[in-house]
Amino acid sequence: MNKINGKVFVWPLCTRMIHWIIASSFTIAFITSFNKEYFTLHIAFGYVFGVVLSFRIIWGFIGPSYATFNTFQLQFYDLKHYFAEKMKDRWRKIYPGHNPASSWFTIIVLSLGYIIVLGGILLYGIQEGSGPLAFLNAYYYNSSYALLSLHTYMSFLLVLSATVHIIGVLIEQFYHKTHMLFAMISGYKNCEGKDTKISQMRNIFAYGVIALSVSLFYFIMSDSESILTKNRFQKIDFKQENSIFYEKCGKCHKNYPPYMLPNESWVKLFDGLENHFGEKITENNISKSEQVSIKNYVLSHSSETSTRKISFKTLDSLGDMRPLSITKSPYWRASHKDIDPTIFKNPLVKDKSNCFVCHHNFEYGIFDNNLIKIPR
Ligand code: HEC
Ligand code: HEC
């Protein structure tokens, strides 16, 4: 750091890096939430966001001068005064650290951010049966709807607050010319105050957290079996569970996991084997006793017996309907409505019932959003 006349060194490099990691990890996690093909990225950036937020809170107590919470301007009077002066263009003071608006914004990011991250990890456990809280999947599925709304609305609220923050920063930078944006790049502000000095220990701590968040990202992207992303549902060996189901029902298509349809749908499907989606399946193909064995197996593993998201949401969306195909359920339709219909006609896909080409390992009973990939 070199002393520059008329400028104050406010943000050390590590603080600036953390600032941009907070901003970008949230932004990318938000954007990737709209497309489940990027679900792993969503999770990875969500975790990184959580780590840097935690760091920012600790930094608020032990960080260098302008980063600490006790330098924040959190009086409502200050905030009102700040906006009033800026509007009238009568302001005099450039705050070396956080001005009242950015002080409040930091508090908003930290609190909303934490709610979003914790809600996300809870949801990941309850709905997907994945991550450190995967065990909750068996208990709290119904309450996860409220949690999902919270996770979603808080994220939109944070996007809204961030937009206000960005507009404010741009006005500060280009209209009031206070150099607020460039200060987060160069570290220097045109104002009066003391230069920030950062101790070696603080530097080591901050760069350690930066290294941790980068490694965490690579770790999550490359290893789906770690405690952070592991799914509680393991591959089902249908051959071992019921070899007749495995062989006879896996002849024309891969095995559809029984948990994807409710009881009555399966009953209908077995009653209608003579006309099974245009195929005629008779006792010559599957004997009566084999049919009974398969039916018993499937019924004892239907949607009603399962705590998986796909089972819950299918059942929930079906109401009184009991179709033969999951693709008739409103949940399935809603989940796939954004997929270009021509993709289902692609020779690599063939048919919308060919779940296995896009949902990897579905034939082993695995339904994991980290494994969605449309063949192109
Ligand atoms: C003779 C071939 C054949 C056999 C044997 C067969 N199926 Fe099918 N099955 C089909 C076809 C064709 C479809 C339509 C979807 C497709 O094109 O993959 C289908 C669709 C299904 C679906 C609907 C998937 C969806 O869209 O939700 C289920 C469930 C299903 N089969 C279960 C079974 C079960 C259980 C058995 C064993 C009792 C079985 N199938 C045996 C040919 C067969
Ligand atoms: C052409 C590829 C493709 C096929 C075929 C396909 N899916 Fe999907 N499916 C996707 C994609 C992509 C998504 C994620 C959509 C999104 O971004 O929200 C998805 C989403 C889903 C979801 C919602 C996941 C969630 O978290 O809510 C379910 C459940 C699902 N698929 C089940 C099935 C089943 C069962 C079949 C077969 C009957 C099937 N899909 C066939 C591509 C496919």
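Predicted model: local features only at pLDDT ≥ 70, side-chain atom pairs only at ≥ 80, totals over all residues.

Residues are numbered from 1 along each chain as its sequence is written, chains are lettered from A and ligands numbered from 1 in the order in which they are written, and side-chain values use heavy atoms, with hydrogens and water left out.

**Stop 1: a helix and its cap**

Select residues 100-126. This is helix α4, with 27 residues. Helices here are DSSP runs of H or I, at least four residues, numbered from the N terminus. From first C-alpha to last, α4 reaches 39 Å, close to the 39 Å expected at 1.5 Å a residue. The expected span is 1.5 Å times one less than the number of residues.

N99 caps the N-terminal end of α4. One of its side-chain oxygens lies 2.9 Å from the backbone nitrogen of A101.

**Stop 2: ligand 1**

Select ligand 1 and the 20 residues around it. A residue counts as near if one of its heavy atoms lies within 4 Å. Which residues come nearest? They are C249, C252, H253, H276 and S353.

Next, look for N or O atom pairs within 3.5 Å, the limit for a polar contact.

- H276: an N or O atom of its side chain is 2.7 Å from a nitrogen atom of ligand 1.
- I326: a polar backbone atom is 2.8 Å from an oxygen atom of the ligand.
- S353: an N or O atom of its side chain is 2.6 Å from a ligand oxygen atom.

By type, the shell around ligand 1 has 13 nonpolar, 5 polar and 2 charged residues.

**Stop 3: ligand 2**

Move to ligand 2, with 26 residues around it. K309, H336, C355, C358 and H359 come nearest.

- In K309, one lies 2.7 Å from an oxygen atom of ligand 2.
- In W332, one lies 3.2 Å from a nitrogen atom of the ligand.
- In H359, one lies 2.7 Å from a nitrogen atom of the ligand.

Colour α12 (309-318), α13 (330-336), α14 (341-345) and α15 (355-358), which each give two or more residues to this shell. Which helix gives the most? It is α13, with 4 residues. The shell around ligand 2 divides into 15 nonpolar, 8 polar and 3 charged residues.

**Stop 4: a surface patch**

Show the surface and select W20, I166, L170, F174, F182 and I185. Together they form a nonpolar patch with about 580 Å² of accessible area. α5 (144-175) and α6 (180-186) each supply at least two of its residues. α5 gives the most, with 3. I166 is in α5.

**Stop 5: a salt bridge**

Finish with K373 and E37. Their side chains meet in a salt bridge, 3.9 Å from N to O. The pair links distant parts of the chain, 336 residues apart. K373 is in the segment after α15, and E37 is in the loop between α1 (13-32) and α2 (39-62). A salt bridge needs a side-chain nitrogen of Lys or Arg within 4 Å of a carboxyl oxygen of Asp or Glu. By this rule, the count is 9.

Notes. Polar contact = N/O pair within 3.5 Å; in protein donor to acceptor, adjacent residues only side chain to side chain. Nonpolar A, V, L, I, M, F, W, Y, C, P; charged D, E, K, R; others polar. Patch = residues over 30% accessible without salt bridge, like charges linked within 9 Å, V, L, I, M, F, W, Y side chains within 5 Å. Areas by Shrake-Rupley, 256 points an atom, 1.4 Å probe, with all protein chains shown as cover.
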